[in-house]
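Try each task before reading its solution.

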Amino acid sequence: MEYSIRDAQVGDMEQVLGLIKQLAAFEKEGDAVEVTVADLQRDGFEKRLFHCFVAEVAGAIVGIALVYPRYSTWKGPVIHLEDLIVAEEMRGKGLGNALLHKVVSYGKVLGVKRICWEVLDWNEPAIKFYEKQGARVMRDWDVVQMDANGMAAFLKEV
């Protein structure tokens with residue numbers, strides 16, 4: 001199978017959003033996606049809040065890796081891998097490895113000290129994949145989030 005890994009373009013965002021929605025459905029959060037194509041276009045290409053790589057096969061985007069900069073008080077500059085998504089029918093063909101390779105190469109060019117991301121504790125295939133690639137899955141850390149409703153409630157109490 002012939003594929004290419006490249007930087008995403010503005011016109012790719014509709015297909016990128018389709019993959020994001022596929023991931024949300026896989027993670028049993030199908031109704032949670034609020035971002036739109038216009039949001040992705042604005043935030044990725046005007047505001048430059050993230051960088052996205054796409055895996056393309058026969059003109060179709062079948063995988064993405066979306067990263068953005070962070071800062072570690074222990075390490076300095078790092079990047080966060082928000083999502084690495086490969087369409088279900090394309091898994092096991094090397095695309096995930098190629099996308100991760102692109103992310104790690106990008107991080108090296110930027111001079112980051114670490115690349116970090118989360119994986120669901122029940123997603124054993126992804127955990128095994130990441131560990132096989134040399135990543136360390138830190139099972140003693142919990143992800144903490146505060147959504148818009150939580151933020152509003154907190155600010156009312158302060």
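**Exercise 1.** Find the residues that line the second largest pocket, and say which lie nearest its centre.

*Solution.* Start with the lining: 14 residues form it, and Gly44, Phe50, His51, Cys52 and Tyr106 lie nearest the centre. A pocket here is an open set of points on a 1 Å grid over the protein atoms alone, where a 1.4 Å probe fits, with protein on both sides within 12 Å along at least five of seven lines; lining residues have an atom within 4 Å of a point. Next, sort the lining by class: 10 residues are nonpolar, two polar and two charged. (Ala, Val, Leu, Ile, Met, Phe, Trp, Tyr, Cys and Pro count as nonpolar, Asp, Glu, Lys and Arg as charged, and the others, Gly among them, as polar.)

The model is predicted: local features need pLDDT of at least 70 and side-chain atom pairs pLDDT 80 or more, while totals for chains, interfaces and linings use all residues. Residues are numbered from 1 along each chain as its sequence is written, and side-chain values use heavy atoms, without hydrogens and water.

**Exercise 2.** Name the element that gives the largest share of this lining, then trace its strand partners.

*Solution.* β3 gives the largest share, three residues. Helices (H or I, at least four residues) and strands (E, at least two) are DSSP runs, numbered from the N terminus. On one side, β3 runs antiparallel to β2, joined by seven bridges; strands pair if DSSP finds at least two bridges between them. His51 has Val67 in β3 as its bridge partner. β3 also pairs antiparallel with β4 over 10 bridges, where Tyr71 stands opposite Pro77.
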